[in-house]
Amino acid sequence: MFEIIMFQPIINSQIISSMLTLAPFIIFFELPWTLFVVFGMFKYKRALQHERYQPHYPAVSCIVCCYSEGKNVIKTIESLLEQIYPGKMEIIIVVDGAKDNQETLFAAKSMMEMVRKYPNRTMKILPKWVRGGLVSGANLGLRNATGEIVIRVDGDSSFDNNMVERAARHFKDPSVVGVSGNLRVRNADKTIWTKLQSIEYFLGITSSKTALSAFNMVNNISGAFGIFRKSIIQQVQGWDAGTAEDLDITLRVKAHFTSELNYRIVFDHESVCHTDVPETLHQYLKQRMRWEGDYYYIVSKHLYTLRPKYLGWPNFIGAIIRMITNLVLPPMNFLFLIVLFVFYPMAYSIALLLVVYIFYLVLNTALYILTVVLFSERPEEDWPRIIYLPLMPLFMVLSRLNAFLANIWEVVGCGHKDSTMAPWWVLRKTKF
Amino acid sequence: MEQFNMVRVALNPEYAAANTDYRECTAIESILGQTHNTVLLIDVTGAENAAQSIFAVVQKIRCSGHDYLMPVFLTADVPNTEAYIDGCALSTAEMLAIAKKIKETIKNVDVIKNGQELGLRFITYVYSRKDTKPHIVPTVCIESKNLYEYEAVRLFINAGGYDSDSFAFINKLRDKKLIVNEQLIDRIRVCPYCSSGHTNYVDFCPVCDSIDFEQKKMLHCFTCGNVAPEEEYRNAMALICPKCNARLRHIGSDYDRPLESYVCNKCFELFIDPVVAAVCLDCGKKIATDRLITKQIYSMTLSDAGEAAVIRGRIDLGADIFNQSRHLDINYFCHLLGWMVNLRRRYSDEIFSLVCIRIDKLLESENYLGIMQLEKTFDELGTRIRDMLRDTDLTTNSGTNVFWILLPRTPLSGGQILTSRLKGLEKLVNSDNRRYISIAAKCFDIFDDVKDEGKITEQLLKEYEKSF
C-alpha cells in the first residue's frame, strides 16, 4: 500500500505515457479486429434470426479416426448414435495400428450390436493393422464413405445430439462445401488450466468464427471436428500426409473459392463437439508447441496459393491477419518484453504491462459477455467461468511465448517431423 | 451266379432316357409277387413332385408281403428320399453289388413268413440293409406333428398323410428292444396337450397377457431426475425434459438411457421383461416354456434282439403286455419253476399257481383293425393285465402268443380267480360284439404232476398248453 502511494505520481505519468505508446497498435490492429469481430457476430446473429428452416437430411458418413483411445471410443460411438437425425448415417471406425491397439478395436466391435438396434444407422470397422498415421486413416475412411456429407472426428470426442442435423442443414445450399463446427472443452472443470482453455476455445472459436463465417472467412475447419461435402474432399484428393492436415485441407479447399463461384465454408455455433484438453500446464504447452509450429509449416507449403487470385480477397486478408497473429506477433511479443525490461525503467514497464493487461481484460470480458448473450447454448456453464477472465491475459502471454518457441523449433529443427500424427517411418517419407 | 431281374419305372415316360439294359415297367403291381430277385430303378427325369411319386411307388413295394425287400434305386438324387432309397445315380454294376449284398444278408431268413406281420416285416427290411444302409434315419417334415418323420417307417405302416405316427411304431419296436437309439439327431419341444411340435414362441405382457406392446427407450434427465419414455422428451429435433423443460443435448452430461422397457398398448403398464410362452398352433393352447415336453429324435439301428427276431421269424409279444422287469426268458422261467417245485417239496406251505394265457387271431385282427388300432388295443390289454398282477408275479412266453404267469404263494383257487378275470378281458378288447382277439386262460397246479420230474422244461409247458 505504501509503495503504491509512493509511486502514485510516477505510475500515473507512466500510465499515460504507456497508453500513448500503445495507441497506434490499438488503433490500427486490435481495435479494427475487435470491431470486425463484433460486427461479424451481430451479422451472423441477424442472419440466424432471419434463417428459414428448411430440413435437409442427406446421407452422412462419420469417419472416426482412432488410435489408442481404448474404451473411450465407445463414448464417441454412443454420442453419434444419439444424433437426432432422420437421415441415413454411417459410422466408419478406422483403427490405426489395430494390431497394437486391440483394446480400441474390441471396444469398437463391442458396439456393433447396439448400432443394429438403431434404424438408419450402420457402422463399419476398418482395422489398419499397421500404423500409418491419422491422414492415412482419414483417407481410408473417405474411400469407404458412402454418404454425401463426410464428418471427420477424433476417437475420443463426443457430440451434442443435434450436431449432425445442425451441420447437414447448411449443405442444402449447393455453394456450401464445408461446415466448421463448434468445439467445447469437456473436462473444463477439472483444473484451472482446463478452465482457461475452455475460455480460450470459447473466445477463439465461438466468438471469432461466428464473425468470420458471416464474411465467408472461416480460417480453419478443425481436424477434430470437420464437416465437408464429400465431393469437394474428393476433388482435392483427400487429406495430405504431414502435420496440420486440417489447416492444410481447409486451404486447399479454399484454393477453389474463386475458380468455382460462391463456394462457402460456414460455421455453426450449435453443432457442438466436446473434447478433452490437457489438464496440466506442461501438457498444454507441449500440445501448443506442436500446433503453433504447424502454422509455419503450412504457410511454407501453401505460399504459392496464399494469393487473392486463389483465395479471394476476404480470405486472403484473413490469411494475412492469421499470419500476423501466428507468425509475427509471437516474436514481437517476445522482443517487446525483452526491450521493455532491458531498456525502460521498471516502473514504466510495469505500468505498460498493467495497461496492456487491463485493456485485454476489458476486451475479453466484453467479448465473452457478448458471446454468451448472443450464442451460448449452455449459459449456465459459461457464466460462472467469467470469474477466470482476469487470468486470461496472463495465460495468453504464456501461450504467445510458447508459440514463439514453437516457430523457432519449426524453422530450425523441422518440428513437424516430430509429429505424433504418424509414425516416423511415414513422416520421413512425406514429401511435404 | 444268381441273376437279378433289372426293372425300370419312369415317373415321366416322355422324358425318360433311352433304355436297353432294363425291362420297362409301367405299373408296379405287375412286378410284385413274381421273383425275389427284382431290382427296381426309378427314372425321375422330368418328374414333377418326384418325391411324392417315388414314395407312392416304394410304399406299394414295402407293403407287399412278398417283395418288401426289393432294392430300389433312382437315376438321380431327389431330396428327402435318402432315408428309404438304396442308392441314386449309380451304375448297373454298383446297383447289382448292393442287391447282391442284400440278398446275401437275408439268405437265412424266411422272407415270406416274416412278411406276414408288420413289425417283423419292418425289422427284416432293416436287417436286410445292415451292410448298406443300417440306420433308420428321421428326416425333417414340417407337416408332421413331431417335425420329423421316419420315412422308411411310413412306407411300411402304409401312411399317406402325416397324422399317422411313425414315432409310435418306432417306440413300440424300441420298447420291445428290437431297435435301439443310434445317434441323437435333434431335440424338440412339444405341446403337453396334443404332442404337437408346431409351437410359436410369443412374448406377452406380464400384466394382461396381451401381445400388443412395444419397446420404449427411456431417458433419465440429470437436471430433475425425471425418467420417462423418449417420446415424451422429443420436441421437433431436440430433447426437452417434460418435467423441468431442460434442453438435453449431450448424453452422459445432460441425460442418459437407464434401460429399455416395454409399454403395453392394451393395459398401458410399463414392464422390463415380457413373459415368453409357447402357443401350440394345433390345439391353440398357451403353454409356459418350462412345461413343454422335451422329445429327443434319434436315428435307430437294429439291436441284437431284433436280429435274433428276424432270424427266428418271430417277435415276442410279451413286452407289450407284461412288465419288462418281471418278464423272464423261458429257460430261466423254467429254472425258477423248478426251484419253486423244490421249495414246495421241502416246505408244504410254499404253494404256487401257474396260469397260461393264449392270445389268438392276431393276424386277422391286424388285417381288420389295422396295425395302429391293434397296437392301441394291445396297449389297453397290457395295462389291464399288469394291473391284475402283483409285483411278485413272474411271466414268460413260450411262443409268440402264449404266456405263462408264475403266482407265488397263491393257491389254485386264487389262480382260477385271475384266470376268470383274464378271460373277461376278451369282451373288453373286442367291440361291436365281434371277436377280433381271442383270449384263452387256464390255471394249473402243476406240483403234483411235476414233483417227481427232474427238470421243468419249455417242452413240458407246451404239453400243458395243449391241454386247453
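Modeller: Buried area is the accessible area (1.4 Å probe) that two parts lose on being put together, summed over both. This is a predicted model, in which local features need pLDDT of at least 70 and side-chain atom pairs count only at pLDDT 80 or more, while totals for chains, interfaces and linings use all residues; side-chain values use heavy atoms, with hydrogens and water left out. Residues are numbered from 1 along each chain as its sequence is written, and chains are lettered from A and ligands numbered from 1 in the order in which they are written.

Chain B and chain A bury about 1,300 Å² between them, and carbon and sulfur atoms give 48% of that area. On the side of chain B, the residues that lose the most area to chain A are Met237(B), Arg249(B) and His250(B), which together make up 55% of what that side buries. Counted by contacts (heavy atoms within 4.5 Å), the interface brings 14 residues of chain B against 19 residues of chain A.

The interface also holds polar contacts, that is, pairs of N or O atoms within 3.5 Å; within protein, one atom must be able to donate a hydrogen and the other to accept it, and residues adjacent in sequence count only if both atoms are side-chain atoms. Between chain B and chain A, seven residue pairs are in polar contact, with both residues at pLDDT 80 or more. Strands β14 (238–240) and β15 (247–248) of chain B each supply at least two residues of the side that touches chain A. Helices (H or I, at least four residues) and strands (E, at least two) are DSSP runs, numbered from the N terminus. By type, the residues of that side of chain B are six nonpolar, one polar and seven charged. Here Ala, Val, Leu, Ile, Met, Phe, Trp, Tyr, Cys and Pro count as nonpolar, Asp, Glu, Lys and Arg as charged, and the others, Gly among them, as polar.

Next come the charged pairs. A salt bridge is a side-chain nitrogen of Lys or Arg within 4 Å of a carboxyl oxygen of Asp or Glu. Three salt bridges are found across the interface of chain B and chain A. In one of them the side chains of Glu270(A) and Arg249(B) meet, with 3.1 Å from N to O. Over all chains, the search of the whole structure gives 39 salt bridges. The pair of Glu270(A) and Arg249(B) runs from strand β8 (residues 264–275) of chain A to the loop between β15 and β16 (255–256) of chain B. Glu270(A) is buried at a relative accessible area of 16%, and Arg249(B) counts as buried at 7%. Buried means under 20% relative accessible area, exposed over 50%, and partly exposed in between (1.4 Å probe, protein chains only).

Asp254(B) forms a salt bridge with Arg378(A), with the closest N and O atoms 3.7 Å apart. This pair also crosses between chains, from Asp254(B) in the loop between β15 and β16 of chain B to Arg378(A) in the loop between α13 (346–375) and α14 (379–382) of chain A. Asp254(B) counts as buried at 16% relative accessibility, and Arg378(A) counts as buried at 3%. Both residues belong to a network of salt bridges whose members include Asp160(A), Arg184(A), Asp189(A) and Glu377(A).

A salt bridge within chain B joins Glu230(B) and Arg234(B), with the closest N and O atoms 3.3 Å apart. Glu230(B) is buried, with a relative accessible area of 11%, whereas Arg234(B) is partly exposed at 41%.

Within chain A, Glu245(A) lies in helix α9 (residues 245–254) and is buried at 5% relative accessible area. The side chain of Glu245(A) is joined to that of Arg152(A) by a polar contact of 3.0 Å.

The chains themselves can be described briefly. Chain A has 16 helices and eight strands, and 54% of its 432 residues count as buried. Chain B has 15 helices and 25 strands, and buried residues make up 48% of its 468 residues. Among contacts in chain A between residues at least 6 apart in sequence, 82% join residues at least 24 apart. In chain B, residues 24 or more positions apart account for 69% of the contacts with a separation of 6 or more.
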